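The stops below run from the whole chain down to single side chains.

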Amino acid sequence: MKQLFLILLLYSTGMMPQNTAINTGINTKNPGSRLTVNGSFAGDYKIVTDQNTVLDDSNFYIAYSTYSKGTMRLPKAISGPGNFKGRIYGIKNVSSQTGLTILPDVSNLEKIDAAGDVDFIEVPYGYYAELISKGTTTGTTWELSMLVPIVQNSTVRNLLNITSAMPKNSSPQSRFTLSPPNVTDVVIPGSRGSLYAYEPQTVFFNFSVGLGLINFFSPGDYYHFYRCELFINNTPTGIFQVVQEHSKSIQFSMSGAYDLPAGTYTVEARLSSWHDFGQPRNMTYGILSLLLNAVRMN
């Protein structure tokens, strides 16, 4: 009689689910799934700074936070008892604008299902990835279920910023000469910089420069023109400006967007000049001020 009373008490308080033969419930009398939790759920949270981390059954949510590119290795698939089919890892890359590579087990030649079977995936800075074990023991053992930006709102990230200016009440210290016909364009000193794109992205460039003409010619029968254009890895971008000479100083101010695949790039501004019969000019210039800025929308 005491045993029957105890069972009835457990049912009435909800401490013991009513359909225990199939489902398990926590803080609920009628679990509708294999596991039903009527309340909050907590998993392990870790901040990782190690550049080479191996995940195991102690990991659930991992935030990668360091200053260098890192690697995370998924556990090796196993068969039989202990197979971790359905195990989920949430990984956030909050490093200092560096990439994070996620690899399955290399010794077992495992792969990740990410719009096709791949050997690894890259989690860019500011992105969150979620992976789930497929329960298979060879071949494609993990599936990428999510790879999204952490913040959906657009933020501006500065990739390159170069500035210089001539001191007040002084002559230009940085000078250069355009010498046609052997040299038809020349890199403006101080305008060269490098940037790295961790993923394909659209970059917005802004360039401004003021030049003083050292060997200035007074306007006469010829009208003189100048073209300034941004080059990326020695390739013209189509971001340029043409101005006509009217005084002893000329200024360029231009901007535009350019699509870049992932990789390393060298950016520079080049100058060319000619008069109205199409012939190039030999001129010496001094840098008065210069600005080169590159940002991306993330």
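What percentage of the 298 residues of the protein chain count as buried? The share that counts as buried is 39%. Buried means under 20% relative accessible area, exposed over 50%, and partly exposed in between (1.4 Å probe, protein chains only).

This is a predicted model: local features need pLDDT of at least 70, side-chain atom pairs count only at pLDDT 80 or more, and totals for chains, interfaces and linings use all residues. Residues are numbered from 1 along each chain as its sequence is written, and side-chain values use heavy atoms, with hydrogens and water left out.

**Whole chain.** Colour by secondary structure. The protein chain has one helix and 23 strands. These are DSSP runs numbered from the N terminus: helices are H or I, at least four residues, and strands are E, at least two. Now show the surface. The protein chain exposes about 16700 Å², and carbon and sulfur atoms supply 54% of it. Areas come from the Shrake-Rupley method with a 1.4 Å probe; for residues, only the protein chains shown count as cover. Turn to contacts (heavy atoms within 4.5 Å). Among those between residues at least 6 apart in sequence, 68% join residues at least 24 apart.

**Strand 13.** Select residues 140–149, strand 13. Strands pair if DSSP finds at least two bridges between them. Strand 9 (residues 111–113) runs parallel to strand 13, joined by three bridges. Find Ile112 there: Trp142 of strand 13 stands opposite. Next, select strand 12 (residues 127–133), which is antiparallel to strand 13 and joined to it by seven bridges. Here Tyr127 faces Pro149 of strand 13. Step into the hairpin of strands 12 and 13. Six residues lie between the strands, and Gly135 takes a positive phi near 85°.

**Glu229.** Jump to strand 19, residues 224–232, and pick Glu229. Is Glu229 buried or exposed? Glu229 counts as buried because its relative accessibility is 8%. Show its side chain with that of Arg227: the two make a polar contact at 2.8 Å. Such a contact is a pair of N or O atoms within 3.5 Å; within protein, one must be able to donate a hydrogen and the other to accept it, and residues adjacent in sequence count only if both atoms are side-chain atoms. Leaving out residues up to four places away in sequence, Glu229 touches several others, among them Phe240, Met254 and Glu268.

**Leu35.** Finish at strand 2, residues 35–37, where Leu35 sits. Leu35 is exposed, because its relative accessible area is 52%.
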